[in-house]
Amino acid sequence: TLEKGADGILIRTDDPSKIRGITKAITSKRQKIALAPATVTAVREAGIGDRVCVDTCSLMKPGEGMLIGNQSGGLFLIQSEAEESPYVASRPFRVNAGAVHEYVLVDDKTRYLLELGSGDPALIVDKDGDARKATIGRVKIERRPLLFVEAEAEGKKISAILQNAETIKLVGAGGDSIPVTKLKPGDKVLVRVEGAGRHFGMKIDETII
């Protein structure tokens, strides 16, 4: 029961607003994120910097990860470390997320990776745009070599700075995973694009360049 929930609930009330409130609470638990294909336009080394690993209290599958980027208007789907690697054991609870300054989508808000901490909420998104909530168990920051990745989607340039390692993977437009070490211009990856700018993580209609 704790894992699956009940098959149904019975509510006795004469207040229609209570029914609407319950309906809203149920539907708000289901979240769909619109993802779009983006074409990689540049990949280059970006020196050494502080990058963030986000360890969640949930297990992820290949094709699942978090939406992360340099600008809130363009976020890449960075896959978890769920796949096996000849270099390290699988860590399906972890997203090696990128540099400390980057944005990560949490519900309808963005946060800086540096702000995240144990017990905070996280949003896990899969290749089909289906999203689910998770809880962060630990955040780990280490100095690592970095890569700058730029792509174009819907006529807009977006970018991210990620660790330069074969275990860090973007989700391809076909749902496959692409290690950043093999990423090249012309590759297609999944991203989230939005037009509005953000201030303190909230969407806002103002002049932002």
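Predicted model: local features only at pLDDT ≥ 70, side-chain atom pairs only at ≥ 80, totals over all residues.
Start at Lys-32. The residue sits in strand S1, which spans residues 31-32.

Setting aside neighbours within four places in sequence, Lys-32 is in contact with Asp-128, Gly-129 and Asp-130. Two of these contacts can be described in detail. The side chain of Lys-32 reaches the backbone oxygen of Asp-128 at 3.1 Å. With Asp-130 the link is side chain to side chain, a polar contact of 2.8 Å. Ala-131 lies 99 residues from Lys-32 along the chain, yet their C-alpha atoms are separated by 5.8 Å.

Now turn to strand S6, residues 103-106. In a regular strand the side chains alternate between the two faces of the sheet. In S6, Tyr-103 and Leu-105 lie on one side, and Val-104 and Val-106 on the other. All four are buried, so both faces of S6 are covered.

Strand S6 has pairing partners. Strand S3, residues 64-71, pairs with S6 in the antiparallel sense over 2 bridges. Here Gly-69 stands opposite Tyr-103. Strand S7, residues 109-112, also pairs with S6 in the antiparallel sense, over 4 bridges. Val-106 has Lys-109 of S7 as its bridge partner.

The hairpin of S6 and S7 has 2 residues between the strands. In this hairpin, Asp-107 takes a positive phi near 55°.

Technical notes. Residues numbered from 1 in each chain as written. Heavy atoms only, no water. Contact = heavy atoms within 4.5 Å. Polar contact = N/O pair within 3.5 Å; in protein donor to acceptor, adjacent residues only side chain to side chain. Buried < 20%, exposed > 50% of the residue type's maximum accessible area, 1.4 Å probe, protein only. Pairing = 2+ DSSP bridges.
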